[in-house]
Amino acid sequence: MRLALIADLHGNLPALDRVLADLNREGVNEVVCLGDVAVGPQPAETIERLRRLGCPTIMGNWDACMVGDEPKVDGELAEMLVDACRWSTDQLSAPQLDYLRGFQETIEVRLDDETTLLTFHGSPRSFDDEIFATTPDDELERMLAGHDAAVYAGGHTHFQLFRRFGESVVLNPGSVGQPFRRRREGVMRISPWAEYCLIGREDGRLTVELRRTPIDVNQLMRTMLASGMPHADWWAEHWVPEVPA
């Protein structure tokens, strides 16, 4: 069994295509998508690519927003995020929205007879939960309460993660469409690559590979600026490398 995890595509079709090309070369048996698929510059095109892939997909917080859920956002980005969600929703057909409604809260995968992988968006408890390397164990235990898996995997934060929790492993494959990089202050800037994760199980050994693959940022910016998405110029600025102080 060799399985790929992808998450937080955010309507970034060029990044998704680069990841899928990687996975095709790797001979992956199965792909699971951890949600937040379409809010971004190419929502309909990204959905169609994912539909053709035929992989099981988790309901993310922005997927839920597109089918009527109230987003839980605040701060300086709230209005721009909601505007992007509304615009992205308007680009979708009725069958594409029905496809989103079919996304699941959690998906369980058997890696072998003894190893279970439980996938979700934020946590099994809520797609709005955030699991970081610094999340206290007692808080993480509350998020995972009632579940028993060898491997837990979620998205939502846009940061890759590998940490131990008891006898289990907690993963985040990072983001295909908007992989964040930390800044000292202000809004997160976005890295010039796409992120994903490969999980293998063979002869009693679990392997986890956090991967990144470069993307053509200039192509993405041209696509974004031509899309008609609200605040596209503002979003595009966050893909430009920072000038050293």
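**Figure 1. Lining of the largest pocket in the predicted model**. The largest pocket is lined by 36 residues, and those nearest its centre are Trp 62, Leu 77, Leu 81, His 158 and Phe 180. Two or more lining residues come from each of the elements α3 (61–66), α4, α7 (217–226) and α8 (232–237). The pocket holds about 850 Å³ of space. By class, its lining comprises 19 nonpolar, 11 polar and 6 charged residues. On a 1 Å grid over the protein atoms alone, a pocket is an open set of points where a 1.4 Å probe fits, with protein on both sides within 12 Å along at least five of seven lines, whereas from a cavity the probe cannot get out; lining residues have an atom within 4 Å of a point. Grid points are joined across faces, edges and corners, and the volume is the space filled by probe spheres set on the points. Ala, Val, Leu, Ile, Met, Phe, Trp, Tyr, Cys and Pro count as nonpolar, Asp, Glu, Lys and Arg as charged, and the others, Gly among them, as polar. Residues are numbered from 1 along each chain as its sequence is written, and side-chain values use heavy atoms, with hydrogens and water left out. Because the model is predicted, local features need pLDDT of at least 70 and side-chain atom pairs count only at pLDDT 80 or more, while totals for chains, interfaces and linings use all residues.

**Figure 2. The buried face of helix α2**. Helix α2 spans residues 43–53, and its buried residues are Pro 43, Ala 44, Thr 46, Ile 47 and Leu 50. They line one face of the helix, since seen down the axis of α2 they fall within an arc of 160 degrees, the arc being that of the directions from the helix axis to the C-beta atoms. An α-helix has 3.6 residues a turn, so residues three or four places apart point the same way. The cover over the buried residues of α2 includes β1 (2–6), α1 (13–26), β2 (30–33), α4 (78–90) and α5 (94–101). After α2 comes Gly 54, with a positive phi near 75 degrees. Buried means under 20% relative accessible area, exposed over 50%, and partly exposed in between (1.4 Å probe, protein chains only). Helices (H or I, at least four residues) and strands (E, at least two) are DSSP runs, numbered from the N terminus.

**Figure 3. Strand β1 and its two partners**. Of the 5 residues of β1, 4 are buried, and the strand is mostly covered. β1 runs antiparallel to β10 (residues 193–202), to which 4 bridges join it; here Arg 2 has Gly 200 as its bridge partner. With β2 the pairing is parallel, also over 4 bridges, and Ile 6 stands opposite Cys 33 in β2. Two strands are taken to pair if DSSP finds at least two bridges between them.

**Figure 4. The hairpin of β3 and β4**. Strands β3 (residues 107–110) and β4 (residues 116–119) pair in the antiparallel sense over 4 bridges, and 5 residues lie between them in the hairpin. Ile 107 has Thr 119 in β4 as its bridge partner. Ile 107 and Val 109 form the covered face of β3, whereas Glu 108 and Arg 110 form the uncovered one. In a regular strand the side chains alternate between the two faces of the sheet.

Figure 5. Arg 211 lies in strand β11. Its C-alpha atom is separated by 5.6 Å from that of Cys 197, 14 residues apart along the chain. Ser 191 is found in the loop between β9 (189–190) and β10 and is buried, at a relative accessible area of 1%.

How values were computed. Contact = heavy atoms within 4.5 Å.
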